Amino acid sequence: TISLAGPPPNGWQTTYKVDREANLALDLGYMYEYEATSERFSLYQMGFNEDQEITLKSLGIKGARYNVKEPIINFNINCFNAIGKLDNEAEGLFDEEAVNNYANTLITDLFDIEGESNPVRGIEKEGVLILGAWM
């Protein structure tokens with residue numbers, strides 16, 4: 001737990017590790033500040049802090065597993081599974097990755113987009129914000 005400012009004697013005590021979520025917010029903020037795609041990709045994969053428990057990437061990989069009762073997650077998994085089948089991929093695959101990892105697969109693809117125009121450059125930041133915010 002972490003003590004926050006509050007009434008005496010010890011302030012408010014959190015019941016979980018709020019720094020995990022705070023680190024994710026900081027990582028996303030840094031992604032908007034960094035110019036180099038390689039720096040943004042490193043933040044996405046590993047986070048800013050070396051011992052970070054949750055990263056933006058882990059949200060895209062583990063998020064669907066933890067939210068299997070959420071209708072939108074199941075809808076997305078089924079849709080990306082169908083897209084994989086249309087691309088002649090095996091059941092449960094999307095873009096050669098496990099379909100429940102669709103968020104990470106999409107973000108990784110966005111990092112690979114080439115281009116320097118304003119709508120394209122840095123588009124992965126928007127993807128992380130959109131997909132990570134609700135997962």
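Visitor: What is the relative accessibility of tyrosine 34, and how does tyrosine 34 count?

Guide: Tyrosine 34 has 22% relative accessibility, so it counts as partly exposed. Buried means under 20% relative accessible area, exposed means over 50%, and partly exposed lies in between, with a 1.4 Å probe and protein chains only.

Visitor: Where do these values come from?

Guide: This is a predicted model, in which local features need pLDDT of at least 70 and side-chain atom pairs count only at pLDDT 80 or more, while totals for chains, interfaces and linings use all residues. Residues are numbered from 1 along each chain as its sequence is written, and side-chain values use heavy atoms, with hydrogens and water left out.

Visitor: Back to tyrosine 34: which residue forms a stacked aromatic pair with it?

Guide: The partner is tyrosine 30, with the ring centres 5.9 Å apart and 15° between the planes. Rings of Phe, Tyr and Trp (its six-membered ring) pair if their centres lie within 6.5 Å; planes under 30 degrees apart count as stacked, over 60 as edge-to-face and the rest as tilted. Tyrosine 30 is also partly exposed, because its relative accessible area is 22%.

Visitor: Which residues form the aromatic cluster?

Guide: Tyr30 and Tyr34 form one aromatic cluster together with Phe48. The structure holds 6 aromatic pairs.

Visitor: What about tyrosine 44 and phenylalanine 111: what kind of pair do they form?

Guide: Their pair is tilted, because the planes stand at 50° with the ring centres 5.7 Å apart. Tyrosine 44 is in helix α2 and phenylalanine 111 in helix α5, so the pair ties together parts that are 67 residues apart in sequence. Helices (H or I, at least four residues) and strands (E, at least two) are DSSP runs, numbered from the N terminus.

Visitor: What else does phenylalanine 111 touch?

Guide: Leaving aside its neighbours within four places in sequence, phenylalanine 111 is in contact with Met31, Thr37, Arg40, Phe41, Tyr44 and Glu124. Contact means heavy atoms within 4.5 Å. The C-alpha atom of phenylalanine 111 is separated by 7.7 Å from that of isoleucine 123, 12 residues away along the chain.

Visitor: You listed Arg40. Is arginine 40 buried or exposed?

Guide: Arginine 40, in helix α2, counts as buried because its relative accessibility is 4%. A polar atom of its side chain lies 2.7 Å from the backbone oxygen of glutamate 35. That is a polar contact: a pair of N or O atoms within 3.5 Å, where within protein one must be able to donate a hydrogen and the other to accept it, and residues adjacent in sequence count only if both atoms are side-chain atoms.

Visitor: Which residues of α2 are buried?

Guide: They are Arg40, Leu43 and Tyr44. Those residues cover an arc of only 100° around the axis, which puts them on the same side of α2; the arc is that of the directions from the helix axis to the C-beta atoms. On the other side of α2, Ser38 and Met46 are exposed. Glycine 47 follows α2, with a positive phi near 80°.

Visitor: New topic. Which residues touch the most other members of the largest nonpolar core?

Guide: Among its 18 residues, these are Met31, Tyr44, Leu56, Tyr102, Ile107 and Val128. A nonpolar core is a set of buried Ala, Val, Leu, Ile, Met, Phe, Trp, Tyr and Cys residues joined through side-chain atoms within 4.5 Å. At least two residues of this core come from each of α1 (18-33), α2 (37-46), α3 (56-66), α4 (71-86), α5 (102-111) and α6 (123-134). The largest share, 4 residues, is supplied by α5.

Visitor: And what does Ile107 meet beyond its sequence neighbours?

Guide: With neighbours within four places in sequence left aside, isoleucine 107 is in contact with Tyr44, Glu124, Gly127, Val128 and Leu131.

Visitor: Finally, how many helices and strands are there?

Guide: The protein chain has 6 helices and 4 strands, in the pattern β-β-α-α-α-α-β-β-α-α along the sequence. Of its 135 residues, 30% count as buried.

Visitor: Where does asparagine 81 sit, and what does its side chain reach?

Guide: Asparagine 81 lies in helix α4 and counts as buried because its relative accessibility is 11%. Its side chain reaches the backbone nitrogen of glycine 92 at 2.8 Å.
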